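Biologist: Could you show me how to read a pocket and the ligand in it?

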Amino acid sequence: MRILSGIQPTGLPHLGNYFGMMKSAIELQETGDALYFIADLHALTTVRDPEALRHNTREIAIDFLACGLDPVKSCLFRQSDITCISELSWILSTVTPMGLLERCHSYKDKLAKGLHASLGLFSYPVLMAADILAYDSDVVPVGRDQKQHLEVTRDIAVKINELYGEVFKLPEPLIRDESAAIPGTDGAKMSKSYGNTLELFLEEAPLKKKIMGIQTDSTPVEAPKPIEGSAILGIYRHVASPSDYAEMEADFLAGGKGYGDFKKRLFAAVWEYFAPMRESRKRFADDPAEVDRLLRDGAVRATSKTLPVMERMRRAIGLL
Ligand code: TYM
């Protein structure tokens with residue numbers, strides 16, 4: 001089984017990325033041939049600062065390794081190092097209906113937020129389809145927000161297969177938590193572009209500050225607190241044991257405890273959850289040259305997996 005996923009270097013990895021994708025990706029590396037990449041070409045649609053792009057790319061690699069990505073079992077690489085992806089993206093774009101891309105929520109959301117409607121932003125899902133199809137991927141662990149992009153990938157693969165015969169495998173998304181995205185500090189989906197993130201390896205004081213700043217309603221201390229839509233519970237669910245989670249939920253419903261108390265419990269749980277990873281992060285952060293070497297090595301191994309697929313595709317469409 002081949003497993004593939006990517007993350008954009010538009011910022012540092014946060015709890016949404018971890019519980020939406022990275023955790024599953026790391027677990028899945030035990031079960032098959034895993035390919036994980038830093039989607040720097042996708043990030044170019046929004047990041048205009050070259051230094052930030054370089055910095056975030058390396059930091060994401062360090063965070064992923066610290067969280068348990070094994071660079072021997074998995075390939076970890078930069079998307080832009082796999083040069084055939086851009087070629088494949090172009091070929092896929094020639095069969096992609098405009099209407100398919102016009103329906104994409106992520107594009108519409110980005111426009112609504114005031115982003116410039118570039119061709120790259122519009123064709124973002126085609127590049128993503130190239131990422132996935134170039135490796136004959138079977139399973140793609142992603143957060144729920146990427147579900148539509150996986151549907152687009154399958155539609156494009158079907159279109160090519162209808163036109164040229166069986167060229168591409170149809171990938172399956174693997175979505176851990178279908179019901180909800182991990183909420184951010186304002187209760188909306190945690191997202192680098194909303195400024196509501198909790199980064200995995202923030203220092204203690206700024207992390208505490210962010211958690212204590214989680215937006216809550218004005219229910220008085222003594223009254224029961226609503227559990228539906230609570231960002232505190234929505235995050236705590238992932239970092240606490242089931243019994244600790246049940247206890248906090250019961251405390252919400254019982255009343256008599258304030259949000260400050262719940263936030264302190266949440267901070268302690270987040271801090272403890274990532275403690276072992278924080279330790280192993282130091283080792284990678286102290287050796288950036290080794291991280292760069294791992295990325296280069298990952299790119300060489302990943303490229304070799306694209307060769308048979310690209311040859312099959314070029315033959316099928318008449319380029320060979
Ligand atoms: P990106 O960088 O936005 O996010 C990386 C992964 O984290 C998940 N995620 C979340 N999951 C749950 N709750 C949240 N609040 C949350 N925020 C982010 C995302 O769903 C994603 O799985 N387009 C992709 C990158 C990409 C890619 C690919 C992924 C490029 N090519 C090919 C898979 C396959 C993206 O923007 O991810």
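Modeller: Start with element names: helices (H or I, at least four residues) and strands (E, at least two) are DSSP runs, numbered from the N terminus. This is a predicted model, where local features need pLDDT of at least 70 and side-chain atom pairs count only at 80 or more, while totals for chains, interfaces and linings use all residues. Residues are numbered from 1 along each chain as its sequence is written, and side-chain values use heavy atoms, leaving out hydrogens and water.

Biologist: Which element gives the most to the lining of the largest pocket?

Modeller: A pocket is an open set of points on a 1 Å grid over the protein atoms alone, where a 1.4 Å probe fits, with protein on both sides within 12 Å along at least five of seven lines; lining residues have an atom within 4 Å of a point. Here α1 leads, with 5 residues. Others supplying at least two residues include α6 (105-112), β4 (139-141) and α9 (147-164). The lining has 47 residues, with Q8, D145, Q146, K189 and S191 nearest the centre.

Biologist: Where is the ligand, then?

Modeller: It takes up the space of that largest pocket (more than half of its atoms lie within 2 Å of the grid points).
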